[in-house]
Each structure stands twice: as C-alpha cells, then as structure tokens.
Amino acid sequence: MPELPEVENVRRGLSKLVVGKTVTAVDTNWPKTLIGGLATFRTALIGRTITGVDRRGKYLLIRFDQDLTLVSHLRMEGKYQLAASAGQEPPRFMHVWFTFSDGSQMRYADMRKFGRMQLVQTGTEETAVSGLAKIGPEPDDPSWTSATFYDALHRRKAPIKSVLLDQTVVAGIGNIYADETLWLSQLSPLQPAATLKREEVARLHDNIIQELATATELGGTTVHSFLDAGGHTGRFQEQLHVYGQEGTPCARCGTEIQKTKVGERGTHFCPHCQPLRKRRLP
C-alpha cells in the first residue's frame, strides 16, 4: 500500500500536471470507486477547475474551485497519470478518467479496485471522511514532538509495530516504514508501546521524520507496482535495510534478517539488533 512518501510524490506530480485544468467529462467502468455514484461526480465536477492538490496522511485531496475537494485513497494499487489526449492508449486496469477542456485526461488505474474517491466541501474533509476523522498528526508537524509521541505510546499496550500502523497516532506510516524506522531505532517490533523509554521514543520519533523525508526525496519505494503521476518508479527500495530482506545479513551486525507477523502484518527485523525486552507494562 502506498505510504506517505509515495502519496506525497503522487501529489507533487499531479500538482505540476493538472492544476488549472477544467473538467468537461467524468467516466468510469467501475462505479464502486466513486462514493455517491457517477452521476454525482458528473454533476459536481463538470465545469470545475482544479486549483491545487494536497495530502493528508495517505489521502490525496484534489481541490476544485467553488470549495469542492475530491478525497482519493489509493489503497493497494491505485495510480494516477495524465494522458495528453483522450485518444492515447489507456493503461491497464483504468477505471476512472477525467477529461479536461484542453483534451487531456487524468486517468486512475487500480488493478485490485480497492481505491475510493469521495467529494466533500473543502474544509470538511476530517469530519466527512471516516478515515480522516481521527487521523493523527503529520510527522513533520511541529506539534508532533517526542514528548507528545511518548504520551500517546504510553496509553497503548499493543506492540509498537501495530501502534505505528494505527493512523490515529501519527499519519502516513505503513508496513515498509514501520519496519525500517524500528530497525534504525533498534527496537523490537513486538515491544509493547507502553514500555518504551523516553530516550527510545525520542530516537524513534527522529528516525520517523528523517526516514520519511529521505524516502520522499527519493520518490518513494517501489516494491511491487508503485508509480508516481509521471510514471516513474521510486528509488528508496535501494536503501531498504530490513523490509523484504529476510534471509540476508543485517547491514549493522551481520545477523540474518528474519520475518514474522505482528498484528497479521508481515514484519521484518534483526533478532540481534532489535531484542525484545522483558519488561512489565506500567
């Protein structure tokens, strides 16, 4: 699933490609993608102009004039691209396409058809969209400090890996970056969140910020099929230390990287660098 760095790169690409374009048609061959139905999207969007593209956590927020926002969640395989003309050959698994007044098309492809789009009044996203209603702070938000992170973790008895995946604690982290930041911080993914010491939380906090920023600048991580809006793969997969590296030596100590499951999610870690402490919950 695309995480914060991948969605941010889609946002940056779309911002360069579609801002200022006016919609003349909306079409789909998989209506379930459009919450509220195709007729609702046509009525609302035809004649509207895109004014910007924002992001909140793993959600894209495509802004239109007259205070309308299209909230898009890519889920597992969603991708956007811009075609110069409607006659250009469509990509595989294209399910929604927006035609603009200049003849170009913004196309949404989704092999698994899990992605969803919803129209809301601009400014109401975090009340109108269930996934945004309780979303946590962005990792680069100045209000998200190691102290506030520590307070949030010490209310949670679940393994720290599961807590990082909970978008109410901090926005945008998924399986890849949870594994990577825990390895960088030398913390077991199974360590109960409430047992982390302040210095451990501070280290994890800083590693999350740095790792997501680095991954974003490298275009994100392409493990299976991620492409940005320009059709480019990410480059951060060349720097992965544990995710997808089971059976290879740890870059820090040489111990073989192992894979387990935490909260039903595949989890990669170094058993030597990331030992599980036996410590009672507070």
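**Salt bridges, rings and one buried threonine**

Asp-166 and Arg-156 form a salt bridge, with their closest N and O atoms 2.7 Å apart. A salt bridge here is a side-chain nitrogen of Lys or Arg within 4 Å of a carboxyl oxygen of Asp or Glu. The pair links distant parts of the chain, 10 residues apart. Asp-166 lies in the loop between helix 6 (160–165) and helix 7, and Arg-156 in the loop between helix 5 (146–153) and helix 6. Helices (H or I, at least four residues) and strands (E, at least two) are DSSP runs, numbered from the N terminus. Asp-166 is partly exposed at 21% relative accessibility. Arg-156 is partly exposed too, at 25%. Buried means under 20% relative accessible area, exposed over 50%, and partly exposed in between (1.4 Å probe, protein chains only).

This is a predicted model, in which local features need pLDDT of at least 70, side-chain atom pairs count only at pLDDT 80 or more, and totals for chains, interfaces and linings use all residues. Residues are numbered from 1 along each chain as its sequence is written, and side-chain values use heavy atoms, leaving out hydrogens and water.

The structure holds 16 salt bridges. One of them joins the side chains of Glu-8 and Arg-12, at 3.0 Å from N to O. Both residues sit in helix 1 (residues 4–18); they are four residues apart, so about one helical turn separates them. Glu-8 is buried at 9% relative accessibility, whereas Arg-12 is partly exposed at 31%. These residues also belong to a network of salt bridges, whose members include Arg-11, Arg-55, Arg-56 and Glu-126. Elsewhere, Asp-54 meets Arg-63 in a salt bridge of 2.9 Å, N to O. Asp-54 is partly exposed, with a relative accessible area of 32%. Arg-63 is buried at 16%.

Now to the rings. Rings of Phe, Tyr and Trp (its six-membered ring) pair if their centres lie within 6.5 Å; planes under 30 degrees apart count as stacked, over 60 as edge-to-face and the rest as tilted. By this rule there are three aromatic pairs. In one, the ring centres of Tyr-80 and Tyr-108 are 5.1 Å apart and the planes stand at 55°, so the pair is tilted. This pair links distant parts of the chain, 28 residues apart: Tyr-80 is in strand 5 (residues 79–83) and Tyr-108 in strand 7 (residues 105–109). Tyr-80 is buried, with a relative accessible area of 2%. Tyr-108 is buried at 1%.

Another pair is Tyr-177 with Phe-236. Their ring centres are 5.9 Å apart and their planes are at 45°, so this pair is also tilted. Tyr-177 lies in helix 7 (residues 175–184), and Phe-236 in the loop between helix 8 (198–217) and strand 9 (258–262), so the pair ties together parts 59 residues apart in sequence. Both Tyr-177 and Phe-236 are buried.

Helix 7 also holds Thr-181. Thr-181 is buried, at 1% relative accessibility. Its side chain reaches the backbone oxygen of Tyr-177 at 2.7 Å. The side chain of Thr-181 also reaches the backbone oxygen of Ala-178, at 3.3 Å. Leaving aside residues up to four places away in sequence, Thr-181 touches Leu-164, Leu-204, Asn-207, Ile-208 and Glu-211. Touching means heavy atoms within 4.5 Å.

Terms used. Polar contact = N/O pair within 3.5 Å; in protein donor to acceptor, adjacent residues only side chain to side chain.
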